[in-house]
Amino acid sequence: MVRNAVAVSAPGKVLLAGGYLVLDREYTGLVFGLDARIHVTVQAIPTSSGVTLNEIVVQSPQFQDAAWEYGYRLAERDGGMSVTPLRVSGAYLPRLHSYSDADLNLNRNIFIETTISYALSYIASLSSPMISPASVTILADNDYYSTPASLASGPDPVPRFHNFDVPISKAHKTGLGSSAALVTALTGALLSYYLPRETYDTTTDLGKRQLHNLAQAAHCAAQGKVGSGFDVASAVHGSCIYRRFSPCILTRHVEPGKRNFGSQLRDIVNESHGSLEWDHEILKEGVKVPKGLRLVMCDVSCGSQTPGMVKQVLAWRKAKPAEANEIWTELHRNNIALVGDLRSAAEIAEHNPARRYADITKRFHSIRALIRTMSEKSGVPIEPPEQTELLDACENVPGVVGGVVPGAGGYDAVALLIQDDEDVIARLQRLLAGWKFRTSENGVAGGRVSMLGVREEMEGVRVEEMGQYREWMT
Ligand SMILES: Nc1ncnc2c1ncn2[C@@H]1O[C@H](COP(=O)(O)OP(=O)(O)OP(=O)(O)O)[C@@H](O)[C@H]1O
Ligand SMILES: C[C@@](O)(CCOP(=O)(O)O)CC(=O)O
């Protein structure tokens, strides 16, 4: 049976409020989807390619050696679909006698491999396990990775999908959640390709719930930990207030290949046969950036180690629960109030921008002050002094309403809410162009700051027209 080619995209994210708090179900996070998307196409492999076996070939043509081939077969005893890498980053495994396990692991793409294994296992558990070979192409909007300044300011327009000309491992990520968008779009594309419409439909609420549950399971497995999942949730549902799922939903199933993985995964995703019901909450109503404002993301080239920071913050909270919870309660109150302030600014009839957005500006100040207290007490540089300096300087630019260190904070990025006006952008660009981080006590080298072209976007996962990608597919 020849199936129709499909294309699905999912957005990046910024956790504007609720970093760390969102790890705990008692609290929520305010996450905005961004208009930088990861696009995934799936189509039949042309018969002339010589591929007749059970193979899925994947390419990510914007990067060097970014081609992977996977064999798949149904594991015995309901172990799901076993997926084996046949070729990683351009090298065929059987031909490379000198290929060590270390080389293999370096060049594997765990996010792609795990997602294919989870998606095919789920598909096989629902329908006939006859899965035809397919070709997958991944295309990422340019802002997921830093583009050389020469290119961005050069005379030629930057192509829609820039060829970064480096291996993915060498590309500088801008922290927009590439892995969550990739896992979500790839899962959605594989389900749409292999399952009949009546079993899976990305455009329905039920389809989005299936996709959310399966993409969370695959993303957690690939990451080797169960995080809050706000990034996958916004990749599926777009901008929202997010309350996480109980981690135990994903900590009880056996590994792929092990007895009953297939039916366990199906029951987790479908919330069937006594499997736990997913208890995450997505609130989209009232989450908006007022007309006339926009979000701006600034990439700071120093970078932070998020997992280490999360561990330290959680260890401090465990050691000093009363001290931490006082901050958590106050921060949560302000985070929720920020949503209300944004909504009110959208509704009031006040034309003077300074007055219209004054409450939002004040709210950002309160949130930042609490984050600095959290940094101080935990000893983790969530809003370190260099970021305070940068945020204060940005806020002094006329037209900037406020800003924060998003997500886990650190030296990664700042997120700003500004008046949606070219002059404001130009003023900010001028400030950032001359900005240089001084080397801090934490040993962070003097990095630069650049403004990304992204802004907020309300919509989550989207079924796309296949035709728009043809020129980018080899
Ligand atoms: N265009 C792409 N093609 C193939 N794989 C990709 C692509 N973009 C990202 N990936 C996969 O996602 C991994 C990066 O995921 P990681 O979670 O480290 O970053 P991120 O999600 O962008 O970061 P953050 O959570 O800080 O926003 C890469 O190592 C690669 O495996
Ligand atoms: C610290 C945390 O709450 C947010 C991390 O966000 P980001 O990856 O820095 O965008 C962790 C999580 O929610 O999984």
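Which helix and which strand each supply at least two residues of the shell around ligand 1? They are β7 (134-140) and α4 (178-194).

## Basis

This is a predicted model: local features need pLDDT of at least 70, side-chain atom pairs count only at pLDDT 80 or more, and totals for chains, interfaces and linings use all residues. Residues are numbered from 1 along each chain as its sequence is written, while chains are lettered from A and ligands numbered from 1 in the order in which they are written.

## Ligand 1

The shell around ligand 1 holds 14 residues. S60, A140, G177, S178 and S179 are the closest. A residue is near a molecule if its C-beta atom, placed from the backbone, lies within 6 Å of it. Helix α4 gives the most, with 4 residues. Helices (H or I, at least four residues) and strands (E, at least two) are DSSP runs, numbered from the N terminus.

By class, this shell has 7 nonpolar, 6 polar and 1 charged residues. Ala, Val, Leu, Ile, Met, Phe, Trp, Tyr, Cys and Pro count as nonpolar; Asp, Glu, Lys and Arg as charged; the others, Gly among them, as polar.

## Ligand 2

Around ligand 2 there are 13 residues. G19, G227, S228, G407 and A408 come nearest. The shell divides into 7 nonpolar, 6 polar and no charged residues.

Domain 1 (6-284 + 459-472) and domain 2 (293-457) each contribute at least three residues to the ligand 2 shell. These bounds come from an automatic or database domain assignment.

## Helix α6

Helix α6 (residues 230-237) is largely enclosed by the rest of the structure, because 8 of its 8 residues are buried. Buried means 20 or more other C-beta atoms within 10 Å of the residue's own; exposed means 12 or fewer; partly exposed is in between, with C-beta atoms placed from the backbone.

The buried residues of α6 pack against β1 (6-17), β2 (29-44), α4, α5 (205-223), β8 (240-243) and β9 (281-283). Contact here means C-beta atoms, placed from the backbone, within 7 Å. Just after α6, G238 takes a positive phi of about 80°.

D78 is not a glycine, yet has a positive phi of about 60°. D78 sits in the loop between β4 (67-74) and β5 (81-88). It is partly exposed, with 19 other C-beta atoms within 10 Å.

E271 is also a residue other than glycine, with a positive phi near 55°. The loop between α7 (261-270) and β9 holds E271. With 15 C-beta neighbours inside 10 Å, E271 counts as partly exposed.

Methods. Two residues are in contact if their C-beta atoms, placed from the backbone, lie within 7 Å.
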